[in-house]
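Biologist: I should be grateful for a close look at one part of this model, namely its aromatic side chains. Please take the rings in turn, together with their surroundings.

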Amino acid sequence: MSVLRSVIDFAIGDAQAEKAVPPTGFTVRLTVFSAAAMAFLVVFALALSLAAGRLADRWSDELARSATVRISAPAEQMAAQTEAALNVLRTTEGVESARALSLDEQRALLAPWFGPELPLDALPLPQMIEVIETASGFDGDGLRLRLAGEVPGAVLDNHARWRGPVVSAASSLLLLGWVSIVLIALATGAMITLAANAALAANAQVIAVMRLVGARDSYIAQAFMRRFTLRALAGAAGGTLFGALALLLLPSASEEGGFLTGLGLQGAHWFLLILIPILAAVVAFFATRLAAHNTLRSLT
Amino acid sequence: MRAEVMRQKGRKLIEFERVAHSYSGGELFNEVSLRLAPGSFHFLTGPSGSGKTTFLKLCYGALVPSSGVVRIFEEDVRQMSRDDIALTRRRVGVVHQDCQFLDHLTLRENLALPLTVSGHEALDDDANLKELMGWVGLTTRADALPPELSGGERQRAALARALIMSPDVILADEPTGNVDWEMSQRLLTLLIELNRMGKTIMIATHDLGLIRAAKNHVQARVLRISERRLQLAGADL
C-alpha cells in the first residue's frame, strides 16, 4: 500500500519543484519520440517472440509424437506392402495408431507445390502412412529392422532428422525476440540518460541556486525523474498504441500463409502490451535517477 | 532575541582550524584559524583574487579545505554528507554579488524558494514573506521577474531570500558591488538591523567606505586576507 502511495505521490509530484525546474524543449521531444519509437519496436519484438514460442511449442508437440512410413513399391505390390506395414505397426509397442493417407489427403499435402488439380493416379507416388506414438514412444531402430524384414519398400521417418533444427530455429527466434526487447530497453535507457544529462546541463544554474538555498539532491533529482518518467510513459503509450494498431492490420494466421501470418498477438497476450509503457517508465525513472545523481555529485 | 544570542554564546557557529586552501597548485591562504561567535559582525577584505569568495564558500560547505578543519555548527564539513550540507545551508543565508535568481520565477517565488525546497507548502500569502518583502521595500515588485529588477532591488531581494529561513548566519559576498552609494547604505542598514536582531553577519567586501560607515553603528571586526594569511585589523589572527 505504501508503495502504491509512493507511486501516486511521485506521479502527482510537487508543483513548486516542477515549477522551479523549467522544461527544456528538445529533451521533451527527444524523450517522447525515443520512447514512442522504442515501444513500437518492442510491440513487434514481443509479437515475434510470442509467435516463435507458439510455433516452437506446436512443432515440438505435433512432430514429437508423430512419424511417417513411406512405401515405395511397384503399383501391383503397393496395397499388399501397405497392409503388411500397417500390420507391423499395429503390433509395435509404443504405436498408438497408424493409418494410410487417402489419395485426397496426399493431394492436399502436395497441393501447395503442384496445385489442386494434380493427377495423382498418373504419378508413381509412394504411399504415406501416418503413425501416432504413445506418450512413451516406440523403438525406432527396432521398428526399422522389422519393416526392413517384412516390408522391403517401407522407410520409417520419425521426423527427428529435421524436427530438432526446426524447433531449435523457432527457439532461437524466441530468444532473439527477448534479446531484442532487452536491447531496446537498454537503448531507451541510454537515450533517456543522454536527454536527462542535456536537461541537467541546461539547468545547471537552476540546480546551483537550488543547492545554494538548501535543496537536497533527492529533491532536485525528483523533479527531473518525474518529468522524464512521465514523458517516457506517455511516449511509450503512444508507440504501443500504434504498434498494436499495426499488428491488427497484419493478415490473420492461416494455413496458407504459414509462419508469416501468425505474427499477431493472441488472446491474453494482448494484455502484455500494457506492460510496455510501464517498462519504459521504469527504465526512464532509473536512467534519470542515475544521470541526476551523477551530475549532482559533481556540483558543490 | 538577545536572550537567544546569550544562550548561544558558548556555541561556535563557524570555526576554522589551521585551514589552507589551494586551487590547482596555487595556495590562496594557509594557517587560517577563526571562530564566528553568535551575534558577531565581521567584514572580510582583501585585494581581488585574495580568496574572499573562497573563504565564504568554505563557510557554507560549498568547498572543502585543502588542509585543516572547517566546522559548521560544530560539525566537520569533511564528515558531512551532501544532505547534511543542504540542511546546513538552510541555517546559513548567502547573498552573492550576482544574486543568482531563477529568472523564470517571480520575485515572490524566488524569495519563497528556500521554503519550497525545505518542504514547506507554497506560501503565496505567507505573512513572513510579505513582512520580509515590506522590510526590504519590494512589496510592489512581488510579481516581477528577476531580469525586470534593478541592481539594488536584486541585492535587497537576495538579502530577503537569505533571510526567509531565519538563518543563524548571513554571509554576503560583495553585496554592494553593483549598487550606488545610497543603495549600499540602505543594504548596510538592513544588515546592521539584522545583527541587532541577533544574526551573525560576515560581509566580504573591498569597499572600505562601507566598512567605515558600518563602524559608526556596529561593533564589527575587520578581517583581511593578505599574503595568504588572515589578519585582524592589521595583525595576524
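Modeller: Phe40(A) and Phe44(A) both belong to helix 3 of chain A (residues 25-64), where they are 4 residues apart and thus separated by about one helical turn. Helices (H or I, at least four residues) and strands (E, at least two) are DSSP runs, numbered from the N terminus. This is a predicted model, in which local features need pLDDT of at least 70 and side-chain atom pairs count only at pLDDT 80 or more, while totals for chains, interfaces and linings use all residues. Residues are numbered from 1 along each chain as its sequence is written, chains are lettered from A and ligands numbered from 1 in the order in which they are written, and side-chain values use heavy atoms, with hydrogens and water left out.

Over all chains, the structure holds 5 aromatic pairs (rings of Phe, Tyr and Trp, the last by its six-membered ring, with centres within 6.5 Å; planes under 30 degrees apart count as stacked, over 60 as edge-to-face and the rest as tilted). One of them joins Phe40(A) and Phe44(A): the ring centres are 5.2 Å apart and the planes stand at 55 degrees, so this pair is tilted. Phe40(A) is partly exposed, with a relative accessible area of 30%, and Phe44(A) is likewise partly exposed, at 28% (buried means under 20% relative accessible area, exposed over 50%, partly exposed in between, with a 1.4 Å probe and protein chains only).

In chain B, the rings of Phe29(B) and Phe55(B) have centres 6.0 Å apart and planes at 65 degrees, so their pair is edge-to-face. Phe29(B) lies in strand 2 (residues 26-36) of chain B and Phe55(B) in helix 2 (residues 52-59) of chain B, so the pair ties together parts that are 26 residues apart in sequence. Both Phe29(B) and Phe55(B) are buried. Together with Phe16(B), Phe29(B) and Phe55(B) form one aromatic cluster.

Two further rings carry a charge over the face (NZ of Lys or CZ of Arg within 6 Å of the ring centre and within 35 degrees of the ring normal). Arg231(A) lies over the face of Phe228(A), 4.7 Å from the ring centre. In chain B, Arg91(B) lies over the face of Phe73(B), at 3.7 Å from the ring centre.

As to confidence, chain B has a mean pLDDT of 85, with 91% of its residues at 70 or more (pLDDT is the predictor's confidence in each residue, from 0 to 100). For the complex, the predictor gives an ipTM of 0.83 and a pTM of 0.72. Where pLDDT is low, the predicted coordinates should not be read in detail.
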